[in-house]
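Open the model in your viewer and keep the selection tool handy.

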Amino acid sequence: MSWFKALVSSRPPTRAGAAGGGGRSALAALLPPLLALLIAFAIVSVVLLALGASPAGVFGALIAGALGNWLAFAETIVKATPLVFTGLGVSLAFQAALYNIGAEGQLLAGALAATAIGVRLEGWPRPTAIALVLGCGGAAGALWGAICGWLKAWRGVNEVISTIMLNFLAVELVSWAVHGPLIERSGAYPRSDPIAASARLYLFLAPSRLSAGIPLALIVAAAAYLLMFRTTLGFQLRALGRNRRAAAFFGLPIRRLTVCAMGLSGALAGLGGAVQISAVTHRLYERLSPGWGYEAIAVALLAHLNPLAVLPTALLFGALDNGSQAMQRAQGVSPVLVQVIQGMIVFVLLAVDKSATVGAGAGAPGGALEPAAGNLEEARVDA
Amino acid sequence: MLEAFAVSMIQTSAPLLLAALGELLVEQSGIINIGIEGVMLTGAFFAMAGAYFSDSVAVGLLAALVAAVALSAIFALLAINFAVNQVVAGTALNIFAVGLTGVFYRRLFGITGQALTVRTLAPVALGPLARIPLLGPALFDQNLLVYLAFLLVPVCSWLLFSTRYGLGLRACGERPEAADALGLAVYRLRWQALMVSGALTGLSGAYLTLAYTNTFVEGISAGRGFVALAIVIVGRWEPWPMAASAILFGAAIALQFGLQALGTVMPYQLFLALPYLLTLIVLGLLGGQAQAPSALGEPYARP
């Protein structure tokens, strides 16, 4: 423990979110993200004016669409759930300075596995079927992530490129599956049969789409927090993220940790995909995800990579997604505006909030203590 | 038929090569721009928009240049002056570009369902050379952007490895602190590299809408920016090997259509996945970032 403290002692004082507390008050930690949000929305307003749309109208429609009535709010929560899972996955990987841009593909891999199993579980006892479906989803996502982890650890392949390539591969795999082996019995549309009723997560408060996936997301977020900040593994992953070379020097098993981190990250995203199938869509089809895996990056950064903070940031982005449909109807602005907002939030966050990417090369020059994060030249260290 | 494939192969590799050469300059200066996918998409859209409203290819190209350079400037500001995490900034750039082009596209053109077509760049045959069997049309009967892409290979090679400027640029990528101490304007050199890269990537995007096809669809870049990133790595950060890799990946993309036309029993998704799978396999086999500029991706802030 002391060697880690010695390493970090000459770094700037505690970063917000680094250990769920630290030396700064919670309020001070909230300030930069809030400021980033304000500036981002201001810039987006300018873009809207340039397009001839009314910012007040657009944002008003967004808010009304997301929070206008309890049904809308329920749908906001439903739309935020996959963002929680992918956001958790991304935060975990980023904490280890592994740039997992592949949450999209990992989510699809999980959804694919969940569907493949789920359609065969007719008649099974419900808790078992659900556990099986979610478990397979997590495992598939873990595999999808671990492949990139292995490629990075043993072949030095940049994980940004490998995860993005696997995203494209996952999309094609799903496409093939729903046109081929998994296509519905009638063959009418390129989508799977609905999964067995026993494999579906419990729903409540109909006609909303709220499900047991939501308390699951809360539990998983809490578990992720405990893992990152209260276990040895989490500590090692964070140490890996802050200074890869130092971690190697002090004997941490770099390669295994890399594969482990990418596997865990993928598992979380895959679980998100499985939950989406089991609780919301009940079937697999193309374009299942409107970009949750990429959105998760903004979610994770705004949360300072802290698993508990991912919950409110995922809710924010879920609200944006939910409101965007209403915004299109009311104002004629394309729903992809939310991606402009997302991108702008991240830009501004990076510029004003140095703690956003904790342990991931936040930019402070530090000579010998500069994290190797972001440095693509990896000395292959035996571990 | 082989002749047609050769033509197609060169046509698909040209935009990859343009973007990759731009990225090479940037990476040699020490910055990694994951966002070239977004810049390419932006170039593609604004090229189409410019050509559509002016009925002129030249205006389209100019619009693409301006838009792409402007977008790259946002990234440059963040990566250089603010010294932020470059991978994150690049990813945000991609998301932003998808949103920006989508919003503008639907606002300007609506969802008509019919493809909006524009004029395209005509191929310029280089005299009798174009009539050489097999390789003639592929190498000597292409449009200007293709010639530009391949001509830039020796130019970049000379610039980077035979001039003082190139040496200074590479110094920024190897050890910016030392370059700074020696009096090199690290920020300025990196900005220059990013601006040139923005222009080249914008042109590569413009190629997609003004030459390769004659229209714009959302997501037209389809990951080509990432393939360009891979080309830089596979080409070991040197222009000539990069040109060879670009042709290889271009062939993989061109192969999609060729194999589909053959009507084999294999699922078409496999062909769509081919370029990405190939990228992954080639990177995995060749491995290593050993030849990367030493300070690549490390934010550098002037003390």
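A contact here means heavy atoms within 4.5 Å. With that in hand, select chain A: of its contacts with a separation of 6 or more, 77% are between residues 24 or more positions apart.

Before going on, note that this is a predicted model, in which local features need pLDDT of at least 70, side-chain atom pairs count only at pLDDT 80 or more, and totals for chains, interfaces and linings use all residues. Residues are numbered from 1 along each chain as its sequence is written, chains are lettered from A and ligands numbered from 1 in the order in which they are written, and side-chain values use heavy atoms, with hydrogens and water left out.

**Chain A as a whole**

Switch to a cartoon view. Chain A has 14 helices and zero strands; helices (H or I, at least four residues) and strands (E, at least two) are DSSP runs, numbered from the N terminus. Of its 383 residues, 61% are buried, where buried means under 20% relative accessible area, exposed over 50%, and partly exposed in between (1.4 Å probe, protein chains only).

**A buried alanine**

Next, select A:Ala66, which lies in helix H3 (residues 55–67) of chain A. Is A:Ala66 buried or exposed? Its relative accessibility is 2%, so A:Ala66 counts as buried. Beyond neighbours within four places in sequence, the contacts of A:Ala66 include A:Phe73, A:Ala319 and A:Asn322. Now draw a distance from A:Ala66 to A:Ile77: the two are eleven residues apart in sequence, and 9.4 Å apart in space, C-alpha to C-alpha.

**A nonpolar patch**

Show the surface and select A:Leu35, A:Leu38, A:Ile39, A:Ile43 and A:Val352, which form a nonpolar patch with about 400 Å² of accessible area together. Accessible areas come from the Shrake-Rupley method with a 1.4 Å probe; for residues, only the protein chains shown count as cover. Which helix gives the largest share of the patch? Helix H2 (residues 26–51) of chain A does, with four residues. A:Leu35, found in helix H2 of chain A, is partly exposed at a relative accessible area of 43%.

**Rings in chain B**

Finally, move to B:Phe45 and B:Phe46. Their ring centres are 5.1 Å apart and their planes at 85°, so the pair is edge-to-face (rings of Phe, Tyr and Trp, its six-membered ring, pair if their centres lie within 6.5 Å; planes under 30 degrees apart count as stacked, over 60 as edge-to-face and the rest as tilted). B:Phe45 is buried at 0% relative accessibility, whereas B:Phe46 is partly exposed at 22%.

How values were computed
Patches are made of residues with over 30% relative accessible area and no salt bridge: like charges are joined within 9 Å, nonpolar side chains (Val, Leu, Ile, Met, Phe, Trp, Tyr) within 5 Å. A salt bridge is a side-chain nitrogen of Lys or Arg within 4 Å of a carboxyl oxygen of Asp or Glu.
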